[in-house]
Amino acid sequence: MKGLDGLFAPRGVAVIGASRNPAKLGAVMARSLSTYDAPLALVNPRDSELHGSVAEAVDSLGAPIDLAVVCVPAAAAADAVAEAAKAGASAALVCAGGFAEAGHPEYQRALTDVVDRHGIRLLGPNTSGFLVPGRGLTASFVPSVGSVPAGGVAVVAASGGVNHALSFLLAEAGYGVSLAVGLGNAADIDAADVLDHLLTDPATKAVALHIESVADGSRLAAAVARLSARKPVVALVVGRNDVGAFAKSHTGALATSWRTTRGVLRQSGAVLVDDERQLVDAVGALSTTRLAPAASPGVGVVTAQAGPGLLLLDGLRGAGIQVPVLADETQRRLGELLPPMTYQANPVDTGRPGAGFGEVVRTVGADPGVDLVAVYALTEPDSVDLVSELSPQAASTPTVVAVGGSTADVTAVRSGLHERGYPVATSPAALTHAVRALVEDACLNNRRSADEPLPSIAVPLGPWDEHQAKTVLDTLGVRTPSRVACSTPEEAHAALDTLGGPVALKILDAAILHKTEVGGVHLGIRTHAELQDALDALDVERVLVEQMAAPGVDLIVGARRDPVFGPVVLVGLGGTTAEALADVAVRAAPLSVAEASSMPDELLGCALLDGWRGGPVLDRSELARVVQALGQVLLDAQQVDEIEINPLRLTRDGLVALDAVITGKEQ
C-alpha cells in the first residue's frame with residue numbers, strides 16, 4: 001500500500017460534498033482547509049457554481065489532487081472515494097458516521113473494497129479528521145482546532161473527539177502538536193500505519209497514543225516497538241473495567257483485553273498512563289528530553305517550597321523511583337549555597353528561592369547518583385527570576401520544572417523555560433507524572449534485548465490430567481512435587497509408603513480443572529487410615545498421591561492464546577488473591593529474560609516476593625525461565641490453548657508447581 005504523504009502533505013485537496021450553506025459539514029471542512037497553502041477544490045455535482053467532480057477540478061486547477069475529504073452520507077461514500085481515486089487522489093478522509101458503528105457494516109465493506117481495488121489510503125470513516133499545524137493543514141470539522149500551535153507531540157487517537165481534546169490540552173500546556181489524527185473506525189489506516197509514518201517525521205519528538213480496541217495486536221506491538229526505539233511513545237488504553245469472557249482457566253479470566261493491551265504495549269516500549277492529564281504531562285516532558293537507558297535512574301529533587309516538595313517525593317517513592325541521598329561532596333557544595341537550616345540530602349529544600357537557585361539545581365544535577373533533576377518553585381518575581389536562573393544550564397543532566405503561581409506569571413515563565421529546552425509542569429502531581437514517564441521510558445529502553453530462542457518443545461496430544469500436565473512441566477525444567485498416579489486403592493497405599501507423609505490426594509480427571517471447588521483435594525494425609533478415608537470420600541477410579549510442599553508464597557503463571565495478540569503469558573499472585581485483586585502482569589510470547597524478570601515488579605503484592613517478614617526471596621531469573629517456557633509451549637504446540645500453573649509456590653528452596661492445567665485440542 002502507498003504511504004501517508006498524500007494524506008498529511010497533499011499537493012491539493014478536494015472537498016467532496018462541499019456546500020455554500022455554512023452549517024453543512026462540507027462548508028465547515030472547506031473553512032478549516034482554507035488556511036492550507038495548496039489548491040483547494042470544492043466538489044458538488046448538484047451545485048453548478050462548484051466543481052462537478054474531482055476529475056473536473058484537476059483539469060480546471062491544472063494541479064493534482066492528492067487528498068479527497070469526503071463529506072457525503074455513508075451510503076454514497078464508497079462511490080465518492082472511488083471517483084477521487086480514479087482522478088489520481090492517493091488518500092481520502094471520510095468523516096461521516098453511519099457505518100459499522102451504527103449497524104451498517106455493508107457501507108464500510110464497500111469502502112474497503114474501493115481501497116483494495118484502487119490502492120487509495122483511507123482515514124475513517126466516522127472521524128472528525130486530523131491536523132498538521134506546522135503545515136497549516138486542518139482537515140477537521142472543528143475549525144477552532146486550527147489554533148493549536150505546532151509542536152513536537154504527535155497524537156494518534158482512536159477517537160476523533162479524544163484527538164481534539166488532547167490537542168487542545170497540549171496547546172494549553174505549551175507544547176503544541178506535530179500531527180494529530182483521529183482514526184475513527186479505522187477501515188484502512190490504523191494506529192500502526194500512523195506510527196510507522198511518524199518514524200521519519202522530523203517534527204515529531206514523542207507520540208501520544210490513545211487505544212480503545214485493537215484488531216491486530218501483533219502488528220500494533222511491532223509498530224510501537226519500532227517507533228519507541230527512536231521516539232518515546234506514551235499510551236492511554238481505555239477499558240480498565242472490561243471483565244471480558246471467562247475462559248476455562250484463571251489465566252483466561254485475568255488476562256482481559258485491557259490488561260493484555262497495556263502489558264504488550266509496555267513490553268513494546270510504551271510508557272503507560274491512566275488518564276488524559278497524565279498523558280499530556282508525560283508526553284510533553286518526553287517530547288523535550290529523554291533519559292539514557294538505565295535500570296533505575298536516580299532523581300534529584302530541588303524544591304523552593306517544602307510542602308509541594310513532600311507531595312512530589314511521596315509520589316516518586318510511591319512509584320518506586322529512586323531518590324538517592326546526595327554524595328558528601330554535593331552536600332558540602334550545597335551547604336555553601338544554602339542557609340544552614342535547609343534540608344540538603346535529597347530532596348533539597350532551598351527555602352525561599354533567590355539568586356543562586358539555578359546553581360543549586362546544577363549542583364544537584366552534577367551528583368554522580370542523579371540522572372534527572374525535578375524542580376518545583378512558585379513564581380516570585382520579586383525574589384527570583386526563574387528563567388534567568390535556569391538559563392545557563394551548564395550541566396548536561398536533564399531537568400524538568402514545575403511552576404506554580406498566577407496564570408499570567410506561570411504562562412510567561414513556562415514559555416521562557418520551554419524556549420530554553422525545559423519540560424514544564426504546573427503542579428507537584430503533574431511533575432510526578434512527567435518524572436515517572438521519563439524514568440519509565442529509560443527503564444523500558446534498558447530492557448530491550450533479544451535472547452537465544454528456546455529449544456522446540458513437544459507436547460503430547462490431550463486431554464491432559466494434572467499428572468500429564470506436570471509431566472510436561474518436568475520436561476520444561478519446572479520443578480514439581482514427587483507424585484504417583486494411581487488407579488487402585490492398593491496403588492495409592494503403596495504410594496504413601498514410597499513418598500512418606502504428609503501427602504495430598506487429588507482426583508485425577510482431565511475434565512475437572514478446578515478440583516478444590518468439587519471437594520477433589522485432601523491435604524496433609526499422614527496415615528493409611530487417613531488415606532483410606534480420603535479415598536472413600538472421593539470414590540473415583542484414578543487419583544494422584546503427591547508429596548506436600550513446603551510453605552511459601554503462591555503465584556499464578558499461565559499462558560494462553562489471546563484472540564488479538566496471540567500467545568500471551570501472565571504472572572500474578574496465586575490462589576483466590578489473583579481473582580479478587582486481579583494483581584497480574586501480562587506480556588506477549590516470546591519474551592526476553594529481562595522482560596520476564598520485570599513482570600513481578602508490576603504486582604501490587606511484589607513485596608511478598610522479596611523476603612516479606614523473613615519469608616522466601618524470589619529468584620527473578622528462575623521465574624523468568626518458567627514464564628519463557630510456558631510461552632514457548634504455545635508457540636510450538638498448536639494443539640495447546642492454555643497452560644497454567646496455579647499455584648506456583650515460592651519456597652526457601654525455589655519455585656515448585658503444585659497444580660497444573662493444560663487445555664486445548666485432543667487431536
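**Close-up 1. Arginine 587 and its contacts in the predicted model.** Arginine 587 lies in strand E24 (strands, E, of at least two residues, and helices, H or I, of at least four, are DSSP runs numbered from the N terminus). Leaving aside residues up to four places away in sequence, arginine 587 touches Gly263, Val264, Arg266, Gln267, Arg447, Val568, Val569, Glu595, Ser598, Met599 and Glu602, contact meaning heavy atoms within 4.5 Å. Arginine 587 is buried, with a relative accessible area of 0% (buried means under 20% relative accessible area, exposed over 50%, and partly exposed in between, with a 1.4 Å probe and protein chains only). This is a predicted model, in which local features need pLDDT of at least 70 and side-chain atom pairs count only at pLDDT 80 or more, while totals for chains, interfaces and linings use all residues. Residues are numbered from 1 along each chain as its sequence is written, and side-chain values use heavy atoms, with hydrogens and water left out.

**Close-up 2. A salt bridge between aspartate 554 and arginine 649.** The side chains of aspartate 554 and arginine 649 meet in a salt bridge of 2.8 Å, N to O (a side-chain nitrogen of Lys or Arg within 4 Å of a carboxyl oxygen of Asp or Glu). Aspartate 554 lies in strand E22 (residues 553–562) and arginine 649 in strand E25 (residues 640–651), so the pair ties together parts that are 95 residues apart in sequence. Aspartate 554 is partly exposed, at 24% relative accessible area, whereas arginine 649 is buried, at 18%. Elsewhere, salt bridges that share partners join Arg266, Glu440, Arg447, Arg587, Glu595 and Glu602 into one network.

Close-up 3. Glutamate 466 forms a salt bridge with lysine 470, the closest N and O atoms being 2.7 Å apart. Both residues lie in helix H18 (residues 466–476), 4 residues apart, about one turn of the helix. Glutamate 466 counts as buried at 4% relative accessibility, and lysine 470 counts as buried at 0%.

**Close-up 4. Valine 69 in the largest nonpolar core.** Val69 and Phe130 touch the most other members among the 57 residues of this core, a nonpolar core being a set of buried Ala, Val, Leu, Ile, Met, Phe, Trp, Tyr and Cys residues joined through side-chain atoms within 4.5 Å. Not counting residues up to four places away in sequence, valine 69 touches Val13, Ala14, Val15, Ile16, Met29, Leu33, Leu93 and Cys95. A second, separate core of 49 residues includes Ala206, Val273, Ala402 and Ala434.
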